[in-house]
Amino acid sequence: MIEFIDVHKTYTNEVKALHAINLKIEQGEFVAIIGLSGAGKSTLLRCINRMHDITKGKLIVNNIDVATLKGKEIRRFRRKIGMIFQSFNLVTRTTVLKNVLVSFVPDAPLWRKWTGVFSKQHKFQALTALDKVGILDKAYVRVDQLSGGQQQRVSLARTLAQHPDIILADEPIASLDPVTSKQVMDDLKDINQNMEMTILMNIHHVEVALEYADRIIGVRKGEIVYDGKAADVTQDILDDIYGGKREDMETIEQEEAYV
Amino acid sequence: MIEFIDVHKTYTNEVKALHAINLKIEQGEFVAIIGLSGAGKSTLLRCINRMHDITKGKLIVNNIDVATLKGKEIRRFRRKIGMIFQSFNLVTRTTVLKNVLVSFVPDAPLWRKWTGVFSKQHKFQALTALDKVGILDKAYVRVDQLSGGQQQRVSLARTLAQHPDIILADEPIASLDPVTSKQVMDDLKDINQNMEMTILMNIHHVEVALEYADRIIGVRKGEIVYDGKAADVTQDILDDIYGGKREDMETIEQEEAYV
Amino acid sequence: QESSGNNSVDTSKTEATGENDSGEGNIEIDELSIGFVPSRDPDEIITATEPLKNLLTEELASLGYDVGNIDITVGTNYEAVGEALSAGTTDVGLIPGGTYVLYDDGAEVALTATRAGLSNDSDAAKDWNENKPTEPRDDQVTYYRALLIAGPSEKGQALADKVNNGEELTFDELNEASWSVMSSSSPAGYIYPALWLQENYNKTITDLDQVVQADSYGSAFARLAAGQTDILVTYADARRDNEQSWTDDFGRDASIWDETNVIGVTPGIYNDTVSVSKNSDIMDDDLKSAIQEAFINIGESEEGKEVISIYSHEGYQKAQDSDYDHEREAQKIVQSLN
Amino acid sequence: MYDKIFRPKKMVLPNGKIVLEKRSKTPLILLVLIISIYYSIQLTNFEISIIKDRWNEFFVIVWEMLPPNWQYTSKLWEALLDTIKMSLLGSGIGALAAIPVAMLASVNIMTNKVIAIASKVLLSLLRTLPTLVSALIATFIFGLGTTAGTVAIFLFTLAYVGKLLYEQIENVDMDAFEAMEAIGMTRIQAFRYAVIPQILPNYLSTSLFCFEGNVRYAAILGYVGAGGIGLILNENLGWRDYSSVGMILLLLVVTVFLIETVSEHFRKKLM
Amino acid sequence: MMTLEKQLHNAPKNNRYLLMVTVIILLLFTWSITALNFNNIEQSGMVIASNLVKGLLNPDLDLLFDFTSSGIMYLLMETIAIAFLGTIIGSILAIPLAFLSASSIVPSLVAYIIRLLLIVVRTVPALVYGLMLIRVTGPGPFAGVLTIAFVSIGMLSKLFVDAIEDLDTDVLESMASLGCSTMEKIRYGIIPQLFSMFLSIMIYRFDMNLREASVLGLVGAGGIGAPLIFAMNGYRWTEVGSILIGLVLLILIVELFSNRLRSKLVRG
Ligand SMILES: Nc1ncnc2c1ncn2[C@@H]1O[C@H](COP(=O)(O)OP(=O)(O)OP(=O)(O)O)[C@@H](O)[C@H]1O
Ligand SMILES: Nc1ncnc2c1ncn2[C@@H]1O[C@H](COP(=O)(O)OP(=O)(O)OP(=O)(O)O)[C@@H](O)[C@H]1O
Ligand SMILES: [Mg+2]
Ligand SMILES: [Mg+2]
């Protein structure tokens, strides 16, 4: 369970990215977070696994107060939370398998950590994860030889191998074509339903979000402006979430034209 | 007017990219070409301005038989056809304005060509084109300091400065985020309607294609499998255009899995 | 800065300037370039030879040449001066006989330097150690000797003791020590010591295991003092030149005469030459003899003596190519050993 | 500054918008360049006419090197091997030492800014010291011979590879690093798994490149008594024995060519 | 499960190859360790090192601020001038060689031959170039300029070639679609890309050439190098200190500027 209690986040450069967030997500939910660029979606996700520190409020994940964690505890905590990125964040110069094996590094004995030689059992687990997302045959291929969709699946496999309780996905399909997007979303849905993992996802494609997620959270300027069932989302609500944009943009453009 | 009469195109490596294409596009139409990767969309576009030679058939653009053109004629012919690329294809190390001015090079007197000093009138035209796509204020900025969307607009301005009859756009929004995509598509629509330019566009985003184009052409394996109004496109038609994909993919995957 | 180049010549007779003592109808020379080899600490050569410019200009003016500018350069190595002389980019070179012989395709000897003889002139090393320190004598000679000098290091002392006991050194003993030599075209710093090895042991410097090439005698002595090397080879009165630095700069307590010993003496070496380039545009027989006259006069004047003393030159005698035939022989031997 | 002195040009578009065109800086830059060249020519007595008249003198020595003195080869092997050893050892240790230093110098890995800047300054200082000078200093400290040469090469390699390496680390795609941290790795582990695979090919290739360069450079080190083939080269220059010099150079060229071919092979493999 | 196990065994077996390469490298290193010989280290080395440090701490300030033609300031100016002109001339010579050795431009045989030539040009030590050039120009900074030019050619042309082969050819395609001729494509598509890259490379090399200047002293080719080496050989540490301080400061300042300039050129 993830619980935000009056969470605020201000970046060092004075940008108020999150403002008084209150939120409760149960284990096994599939939540999509939508909102304009810069609304604070990524920030919201990243606070959950302490990639960013929150400035005010309380954030409780699986009964742990995230802010109290330190050093090694943070790292152990993160092991239970998988993260998928828009740009996949893979090491492109090595093979698919090695990229997946990386998720076992924190638990491996020291000599394995440094030599990068993994036990057979770990290899087996990694291959199983690759099989689950359907790219077992690419195990020994270098990542930079894969298509975007395949790379995203490697990243998914890496997360699965971690056996996390929660998957945070930051725009996992933004750089994919429609067909591959569908495959990745199907994969995620599948995992969510069969393995009972919580999935929190930032996403720009509203239709996709509505189709797959159980619950939609709309973020605007660091605040939650909608939180409810995907089925209940109407055009009005979307206009509200994305509404601010047009006005903002026009004023910015005018300003710049006279610089 | 663009007319394909039984056009075939086979690449030197025996790849049959286009097969018996028959097509007629009137001046001022907004046509979107959709289809899977490798279907032949880019090839189709590139034959129109003789970036590729066709192998069989006849291709007539503005009453000119494209295949008969030679050397200088080709270059003069291309001046009337603008082209926009997915990767923008700009000279990143110079300013926006200089990139736009390049479109006047072929018509400039020799000394201007070499010194790179352009007449005031040309500068006006270039700036006007930049104004039209809304990035006048960036005229003296180096291209590599612009965002992807802004770069695509520079590329659009370069094409506009050319005053072409036809604009060929090869996946102009593929590397752009949804909001910028929308701006670029709006720009194109605007130009299409106000300046009566024919627009032919390859595009992966079906919804966008349906929203903006008057006419959709579906390409599959080098053949036209659909040609009709955007409003008439149904899910079945899309399945047909993209249909081959699923089957193909599965057979490929099975083959590879046992390698 | 104004001079337009090294060798541009204006041979047209010009009117006397009347300013100084230049005679009427003098031939004008824009620039005369003189190259020195770095057998001394080069910085010193540049500053110490500064007065030479004036002396030479004056002398040449009275001999019918108005020289606009005298350019003195010190090559960091012998080869640079030799090549410049041979190509004609330097007009006059003060170079050792050995260098002259190597570059005689483009250079022509004009003078040989003379210097005072020394209180020691024996072939036996022991004599030099018994008659310390070595002092200059009054008469002038055209040759000098090279010495093998053992330093204060343990090995150096051991070698010296043996020599002073009248024992013969074996090649192995010499080979165990570390040597400091000069560029291989330096007569006192390489060639003659090689000859010495050849005559005594039928070996040469390249057969030694620990050989270091120093670029000036100063640094060779510094290394000897620091105990980095055990043996150095040098010209006979080098110890007198480094007597001061030995205790001051190199930080030794005892005097150089106490701490160093001669362990070998080479045959006589013909003194340095003043050579002129055959390929220089301005050089002709007249200028050559003018330069000969000028240098001899400088060597005789008080002021001039002081300047050339930096080189241990004390005067000059006209010389001819055949004077250096011995040197050629020496080099042939050394080169054939190589 | 510049814009205040040379006011931008105003352009009014037909639709009334105003664009300010900054004055080109090209004339000013050209002027500065021409002045610099003029004074440099004055300072160095550069004269194109001398080159025109005397360029053929350049080839006098070249022709004398041909044909090379083939018999001489047999005497060169040992010195050549010394040179290779010196370069190999100096480059190897230098390249290894460069890794930790470069890590300390990269702002994206080293969160402590002071250490990062200090490491950068250290590398810069090391690089300013001409190799010949450090070789000379090394001969004073380590005595004459190949040890001094090795030390000089080590210092140069450390500085050169270190700088390139930290620049690469700073330009590395930190996405993967972030993902590793999200998995729960320490920064050093994340460096090992996310950064090293990215920089490894480039690192090895710079190190190999440096090694090649060092073999070449070792030829000069002989001059200050730092051992290797340079010693023999100097000797032959002294004897004006250019055909032997030619042979030494030929041997060096062949060696460099072989090393380049081998390292090119590995570099391609790594990329 | 079948395919899973199969994949486990499918792992490419390059361990043996890696092992072999590692062993060879280790052997090479062990072999080269014989080059080290620490017997020559003597206490005097430490004395000299401490003298050097003392010299650096107590530089000869008179010399440092001596603005006459034998003072450090003048010699540094001369060094800058030598490096500056040398880089320019080296680049002028390197550019045609670079184009001729880019296999994307000329036939591969020509490229290969020119590459061989470049290896030769790169291998000849500065010392030898110095001797060759002294025959042309006579001793002095002029010879230094030309020596620096020759020494730079190898690296400059290598980096130029890299820049040429990295050219973004997409631009040329879009220019073709504009109707531009080949000449126009070169002028507006290639030159703007290469110009700033080449300039940045030249600045980089200028920076290096300042350091190379120390080598020039060896052949009497002007600049600060000769006095530095003479001073070191004469153990005049305060002089060494002041020269080194001047040289290091100069190089640091130049490096600072050149880094700024280069990143501005490359990144805009
Ligand atoms: N590391 C950072 N330091 C300072 N400000 C930041 C940082 N990361 C994000 N911001 C700012 O915080 C605000 C929220 O950013 P965030 O990345 O959460 O937006 P987002 O909703 O994920 O946008 P996008 O859809 O573009 O990814 C933005 O104004 C952004 O500029
Ligand atoms: N220059 C070429 N030489 C040989 N074959 C080519 C060339 N360009 C494209 N092809 C092949 O021709 C076929 C059609 O390619 P084309 O680029 O037109 O596809 P596309 O529909 O634009 O695909 P995408 O959506 O990936 O851009 C493909 O099989 C491709 O591999
Ligand atoms: Mg985001
Ligand atoms: Mg395409």
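Predicted model: local features only at pLDDT ≥ 70, side-chain atom pairs only at ≥ 80, totals over all residues.
Trainee: Which of the 14 residues around ligand 1 come nearest?

Mentor: They are S37(A), G38(A), K41(A), S42(A) and T43(A). A residue makes the list if one of its heavy atoms lies within 4 Å of the molecule.

Trainee: How do the residues of the shell around ligand 1 divide into nonpolar, polar and charged?

Mentor: First the sorting: Ala, Val, Leu, Ile, Met, Phe, Trp, Tyr, Cys and Pro count as nonpolar, Asp, Glu, Lys and Arg as charged, and the others, Gly among them, as polar. Here you get five nonpolar, seven polar and two charged. Helix α1 (residues 41-48) of chain A gives the largest share of the shell, three residues. Helices (H or I, at least four residues) and strands (E, at least two) are DSSP runs, numbered from the N terminus.

Trainee: What polar contacts does ligand 1 make with A39(A), G40(A) and H204(A)?

Mentor: A polar contact is a pair of N or O atoms within 3.5 Å; within protein, one must be able to donate a hydrogen and the other to accept it, and residues adjacent in sequence count only if both atoms are side-chain atoms. An oxygen of ligand 1 sits 3.3 Å from a backbone N or O atom of A39(A). For a polar backbone atom of G40(A), the distance to a ligand oxygen is 3.0 Å. With H204(A), a side-chain N or O atom lies 3.4 Å from an oxygen of ligand 1. Taken alone, ligand 1 exposes 630 Å², and the protein buries 64% of that. Such areas come from the Shrake-Rupley method with a 1.4 Å probe; for residues, only the protein chains shown count as cover.

Trainee: How many salt bridges are there over all chains?

Mentor: Side chains of opposite charge can pair when their charged atoms come close. The rule asks for a side-chain nitrogen of Lys or Arg within 4 Å of a carboxyl oxygen of Asp or Glu, and the count comes to 47. Take K163(D) and E167(D), whose closest N and O atoms are 3.2 Å apart. The two are separated by about one helical turn, because they sit four residues apart in helix α8 (residues 146-171) of chain D.

Trainee: Is K163(D) buried or exposed?

Mentor: Buried means under 20% relative accessible area, exposed over 50%, partly exposed in between (1.4 Å probe, protein chains only). K163(D) has 8%, so it counts as buried, while E167(D), at 32%, is partly exposed.

Trainee: Which salt bridge links distant parts of chain C?

Mentor: Look at E293(C) and K318(C), with closest N and O atoms 3.7 Å apart. E293(C) is in helix α13 (residues 285-300) of chain C and K318(C) in strand β15 (residues 315-318) of chain C, 25 residues apart. E293(C) is partly exposed at 32%, and K318(C) is partly exposed too, at 47%.

Trainee: Which residues are linked in a network of salt bridges?

Mentor: That network takes in E83(C), D105(C), E57(D), R240(D) and R135(E).

Definitions and conventions: Residues numbered from 1 in each chain as written. Chains lettered and ligands numbered in written order. Heavy atoms only, no water.
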